[in-house]
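Please read the points below against the coordinates.

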Amino acid sequence: MSQSPDELAARIAALSPERREALARLLERPERVEELLSLLREDGRPLDERAALRARKDLLDRLLEAIAPLVLFVVDQEGRITYASRGAEQMMGLPREELIGRHYLDPSWKVRTPEGEPVTDENAPFRKVLTTGEPLLNQVVVLTDPTGAERTLSMNLTPLFGPNRSVSGVLFAVHDITGEVQREREVADRLRRFRELFDHAPLGIAVLSVEHRRSEFNRVLLRELGYSPEELKGNFLRIVHPDDLEETLRLFREVQEGRRDGYRVRRRHLTKDGRVRWYDVHTRALRDGSGRLQYLISMMADITEAVQSRRALQESEERFRTLFEQAPLGIALLDAQERYLSVNAAYSQIAGRPGAELIGSSPREVLHPEDYQKARELFARMIAENRPFRLEGTRYLRPDGSIAWVSCSVAPVYGSGGEFLYAVVMTRDITEERRTEAERRSLEQRFRTVFEQAPIGIALLGHDGTILSANPALAELLGYSPTELVGNHVSLYLHPDDHIEGANLFARLVSEGVPYEREARYLHRSGRTIWVLTAVRPVYDADGNFQYAIDMHQDITRIKLAERSLAESEERFRTIFESAPVGMVLFDELARPITANAAFVRMLGYSVSELRERDYLELTHPEDRAETLDRLHRILSGHSRQERYEKRMLRKDGTILWVDLLTTAIRDTHHRLRYLVSILVDITERVRATQELRQLAEELDARVRRRTRELEEANRLLESINQDLRQFAFTISHDFQQPLRTISSFLQLIERRIGPHLEGSDQELLDAVIESAGRLSRMLNGLLRYSQVGRQELVAQPVPLGEVVEEVTRSLRAMIQETGAKVDIEPLPTVYGDRTLLEQLVQNLLENAIKFRGEAPPQVRFFVDSSEGDRVTLAVQDNGVGIPPEDQERIFEVFQRGSRAGERPGTGLGLALCRRIVERHGGKIWLESLPGEGTTVFFTLPTRPLSGTRE
């Protein structure tokens, strides 16, 4: 059924924004645009055909209006606008009749790049599209119209082809992204402001991660509590006062279980030096999309002084309630003997005593002993001279031990006959005033401390820009001392190119009170240029007169360098994309290719323009399309950021191409999909080789089974030979002991008889023989222990390893004292094994660590490296001479010693015995070492019963 243009336009206008955007994307396809634009050409047509074309053109105009905000321009080869959509009128502020025929770079439109470079006909994207015939996407420019308004525009440029396939013009599809750019700037500014607020907030802030390792604490909180960030990240709850810990844990559980989103509580915290500080804690929960708790954000205001003041105030309010209800001053009557005749409720409360108790008593019981004598002398002079007196800052000592500071006026009252009747004492409590004055002085000192210790540079500027004061951070930033900066004009340290803008902004701040922030270059004393983010705020007195400006500076040189590196990185990415040896293709969420690199074109045989005309799934082998759709769905739905798998693709000539495919979703900061990128590696030959190898593997499998049977028979024979060798080693080490002891005894007898008569080389020969006999004895003992480890049955039981290490350390006390060694034993677990063998293992490792020392005294550390399942990995670390890489494997063999052993005694059996003991417990032993930097020996032991052992 046919519809009129008005009806069609109304239906399109009623579409949802998403449907209209989809329609707009269809119109961006070059072949569709050429078809629609052909409606605009009427030259050489008959009159009746022109009428039909005008009607179709009117329909096209309505269609384009319906898909606003898309703005379309058609520009011919000369750069003249031949077509402009209705949206173009709104963007440019001109009717389409005036737009048609204008040059697309009309001088009244100032067009520049986002970096500020003017766009000319030579460097414009339009000229590149005309030259290459390839479209350009996402070209961003800044346009200033004749009214001075600026817009940031994103353009897609598509070539239009004539009958001979030559480029006849370019279609501009323009989107106004001014709002998006502004929002991105605002987000970046908010992030920066949040970081500044977090670091420089006047109250403590703690961002507590459920994992603890990612917790953060601002400077105020760390300074108040006295801890470092690392000390708090381990366990923040350990600094909560024990009396408040139970309630804190209860609130945390309720937040963790989702029963509340936050809480406010007053609680005490312990500083590092043991003091107690009160905090007003506001805590809010931060959860992820699934509702799982991620962070607790606590705003912690130090109310220690307020709590103390509040307590004192509550007591004071209780005592002085009547005072505030009945009289503003305390009044008392004193007789000539300084006895209270009468007091009002206000005075009674100031003195902290009931009126009945004061009547008849002396001010001696009220006044502080240090103030009473002076008051008594003035009281006597008043009676004698009939002259009132006033006392400022007099102390009243209350029964509870507290002191009330009062302003006191005393005047005599005489009778008609001139006789003294009584004295009127009027008092005003000035305790709070004195406390407020003290707090004011403390606050001034605190602000001065913040100014001096702030991590950002701060300067106070006079109305003419002269530096009145500068903190150490600013002095360090510029390379001067604070005194060198004071008195100089701030422009003296500015880069010359930033003088004018800075002067204009500061003049407006002084005259109109307009604060400002800007990025500027400053000159360091050394001559190098530094980038600084400066924020300037005016300060006025109570009458609104300008006093000075606060100029805050933050070094952003690294950020500027990072931005420059990012731009260079983007350029490198474009170069890599075009020259990469693997195939790379970008496509949208509808699986339509956007662009592809040269390698991808070579792999499939299609040109880039041919690829854009095909669905990405059309290039996939039919049997692999289902899996491809499933993988795409996982990425588009957000369940996976990237997918890697192998699949088959179809070349243009119909042959099959096997690829290793990695597809990744590229999203913006709002998690909106921008495009998908796939990286393809041709694995056709590898797949073919794998299939051939599979056949070879089946043939080898039969050979392996035959060879396995042969090896099993050989292993049985080898085990029998090893058993004979162990028996031989035991026999040799055991039976040779007696002859060796006889030889040693005779050598000692010879040394006693003729030793004193030997000289020179004879004595050296005798000493060498005795030492060789001793070393042979030690080798036989070591060999005996080594053979016994393999022969005796393993008696496994729970063994507290820390207890074993301490016992062995005590047995080596003489060796430790002689060498000045220090043995650090960290908490060790209970393992499962033979206690006697484990004692031998620990002793050998500690003796080696002490014996093979360097020039410094030995430092030995015994600790747990890791624990996994029913195994624990332990380590013995020293600062000795170390072991060369070429010796680190063979020193675990029997009679093998390191090349750096030198003259140190040893048999070469210690580490071999250690390996035999560890392997008997089903573990393994190895070491890490660098010559001259010490050695760490690692070994594993079981924490559960071993199979095949006797308990």
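1. In E30, glutamine 859 is the bridge partner of lysine 822. The two strands involved, E28 (residues 822-825) and E30 (residues 859-868), pair in the parallel sense over four bridges. Strands here are DSSP runs of at least two residues (E) and helices of at least four (H or I), numbered from the N terminus; two strands pair if DSSP finds at least two bridges between them.

2. This is a predicted model, in which local features need pLDDT of at least 70 and side-chain atom pairs count only at pLDDT 80 or more, while totals for chains, interfaces and linings use all residues. Residues are numbered from 1 along each chain as its sequence is written, and side-chain values use heavy atoms, with hydrogens and water left out.

3. E30 also pairs with strand E31 (residues 871-877), in the antiparallel sense and over seven bridges. Phenylalanine 863 has alanine 875 in E31 as its bridge partner. E30 and E31 form a hairpin with two residues between them, and glycine 869 in the turn has a positive phi of about 60°.

4. Helix H29 (residues 835-851) has 17 residues and should span 24 Å at 1.5 Å a residue, which agrees with its end C-alpha atoms being 24 Å apart. The expected span is 1.5 Å times one less than the number of residues.

5. Among the buried residues of H29 are Leu838, Leu841, Asn844 and Lys851; buried means under 20% relative accessible area, with a 1.4 Å probe and protein chains only.

Key. Buried means under 20% relative accessible area, exposed over 50%, partly exposed in between (1.4 Å probe, protein chains only).
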